[in-house]
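Visitor: I would like to go through some of the labels used for this model and hear what each one rests on.

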Amino acid sequence: MLKRSIKKSAEILTTFIHTVVSMIRILTGSDFNALNSRLTANRRPTLLVLGNGPSLNKDIKKYSASRAMHDIVVVNNFVLSEDYSRIQPMFYVFLDYAYW
């Protein structure tokens, strides 16, 4: 019983730390001065949504060549991936209930 409680507490703490790190990376990597102009100017006709999961690597490879033609939105823990800095998504959405 005590081991389960400690394990669950460690999982919660780990999730919390990952969330804080993600938020810090998003805030420090965002250019808020350019955000308004990016949202209103040069809108692309297609929005590319990159979710998490096993197909993400395949999708990134598939669409990386045509990335300039799409606005990109990512979700949840994408900021922790190595591709976050390279892709520089236009939008970031938190869908997982763990963030609420």
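Visitor: Are Tyr84 and Tyr92 buried or exposed?

Guide: Both Tyr84 and Tyr92 are buried. Buried means under 20% relative accessible area, exposed means over 50%, and partly exposed lies in between, with a 1.4 Å probe and protein chains only. This is a predicted model, in which local features need pLDDT of at least 70, side-chain atom pairs count only at pLDDT 80 or more, and totals for chains, interfaces and linings use all residues. Residues are numbered from 1 along each chain as its sequence is written, and side-chain values use heavy atoms, with hydrogens and water left out.

Visitor: Why is the pair of Tyr84 and Tyr92 called edge-to-face?

Guide: Rings of Phe, Tyr and Trp (its six-membered ring) pair if their centres lie within 6.5 Å; planes under 30 degrees apart count as stacked, over 60 as edge-to-face and the rest as tilted. The ring centres of Tyr84 and Tyr92 are 6.1 Å apart and the planes stand at 70°, so the pair is edge-to-face.

Visitor: What makes the pair of Tyr92 and Phe94 tilted?

Guide: The centres of Tyr92 and Phe94 are 5.0 Å apart, with 40° between the planes, and the pair is therefore tilted. Phe94 is buried, as is Tyr92.

Visitor: Which residues form the aromatic cluster?

Guide: Phe78, Tyr84, Tyr92 and Phe94 form one cluster, and the structure holds three aromatic pairs.

Visitor: How do you know that strand 2 and strand 3 pair?

Guide: Two strands pair if DSSP finds at least two bridges between them, strands being DSSP runs (E, at least two residues) numbered from the N terminus. Strand 2 (residues 70–75) and strand 3 share three bridges, so they pair, in the parallel sense.

Note on methods
Helices (H or I, at least four residues) and strands (E, at least two) are DSSP runs, numbered from the N terminus.
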